[in-house]
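Hi,

Here is the structure I promised to pass on. Have a look at it first, and my notes on what turned up follow below.

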Amino acid sequence: MLSVEQSLRALRREILGALAADAPLPGGVELVADRVTVSLALQLQSLAPASDAPGKWGIATEPGSGPAHQLTLEFKVQKPFGSVVAPPAGPAPTLALAPESAMTTTAESPHFAALAEVFGAPGFDSAARATVFRETLEELSEAERKVVLGSLGSSGASGIEPQLHLARHLVLRLAGSGPAGPKAGPERLRQLAERAPVAELIRLAAEKWRTQSEWVASAPPPRDS
């Protein structure tokens, strides 16, 4: 039975990865997430009879396996994914202007340009991909990271351990939603992992792409009209 913490972490990555896909809709229609509501069925796991420790909450996965309690969580999306909202009046710089300074400070890393082909240039929109990449892999060992990234592209998922399937699915989806496209993106990320330590790629993702909240916080204030 999955713990509540494990389930919430997995759900957060799935939701963020889906919102980062930013697939175009016919006729220029745009759907922007405003709020995400998640409902979970919980069961209290009993410990050994002699134990005085309280039981632990887990996710109810088997129907009829016992009484379940319902937990509903509501997450607020702080900024629309896939777009930058300009201030209502007066010309103001958008969040897309910020990546220029980040790109000029990356000469020390030979892997930055290749990673930017997968995520997109550092900025608000690409930060979602980098966040999913970083949070999905940073809990794995370096060997497990290499297995996940090595299964991308044309290699496929044959032989990958079951506990790594979710990580592969999330990384595959974010790599395919970037500017390189659904085929070239995963393949380029696989090739990059063959010649670079994944820990270094995770460090670059955190340092250069940051998070969407950090890009919003660092954006210059609107100029008065």
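**Salt bridges**

Glu 187 and Arg 190 form a salt bridge, with their closest N and O atoms 2.3 Å apart. By salt bridge I mean a side-chain nitrogen of Lys or Arg within 4 Å of a carboxyl oxygen of Asp or Glu. Before you go further: this is a predicted model, where local features need pLDDT of at least 70 and side-chain atom pairs count only at pLDDT 80 or more, while totals for chains, interfaces and linings use all residues. Residues are numbered from 1 along each chain as its sequence is written, and side-chain values use heavy atoms, with hydrogens and water left out.

Back to that pair. Glu 187 and Arg 190 sit three residues apart in helix 7 (residues 184-195), so about one helical turn separates them. Helices here are DSSP runs of H or I with at least four residues, numbered from the N terminus. In general, an α-helix has 3.6 residues a turn, so residues three or four places apart point the same way. Both partners are covered: Glu 187 is buried at 17% relative accessibility, and Arg 190 is buried at 13%. For the cut-offs, buried is under 20% relative accessible area, exposed is over 50%, and partly exposed is in between (1.4 Å probe, protein chains only).

How many salt bridges does the structure hold? The count is seven. Another of them joins the side chains of Lys 208 and Glu 207, at 3.0 Å from N to O. Lys 208 is buried, with 6% relative accessibility, and Glu 207 is partly exposed, with 39%. These two belong to a salt-bridge network that also links Glu 200 and Arg 203.

**Helices 5 and 7 together**

The axes of helix 5 and helix 7 come within 8 Å and cross at roughly 145°. (Axes are lines fitted to C-alpha atoms, for helices over the stretch in contact, and angles run from 0 to 180 degrees between N-to-C directions.) Helix 5 brings Lys 146, Leu 149 and Gly 150 to the contact, and helix 7 brings Leu 189, Arg 190, Ala 193 and Glu 194. Contact means heavy atoms within 4.5 Å. Note that Arg 190, from the salt bridge with Glu 187, is one of the contact residues.

**Covered helices and phi angles**

Helix 4 (residues 124-137) spans 21 Å from its first C-alpha to its last, close to the 20 Å expected for its 14 residues at 1.5 Å a residue. That expected span is 1.5 Å times one less than the number of residues. Of those 14 residues, 13 are buried.

Helix 3 (residues 112-119) is mostly covered too, with six of its eight residues buried; among them are Phe 112, Leu 115 and Phe 119. Just after helix 3, Gly 120 has a positive phi of about 100°.

Which residue has a positive phi although it is not a glycine? That is Arg 210, at about 55°. Arg 210 lies in the loop between helix 8 (198-209) and helix 9 (212-218), and is partly exposed at 25% relative accessibility.

Cheers

How values were computed: Helix = DSSP H or I, 4+ residues; strand = E, 2+ residues; numbered from the N terminus.
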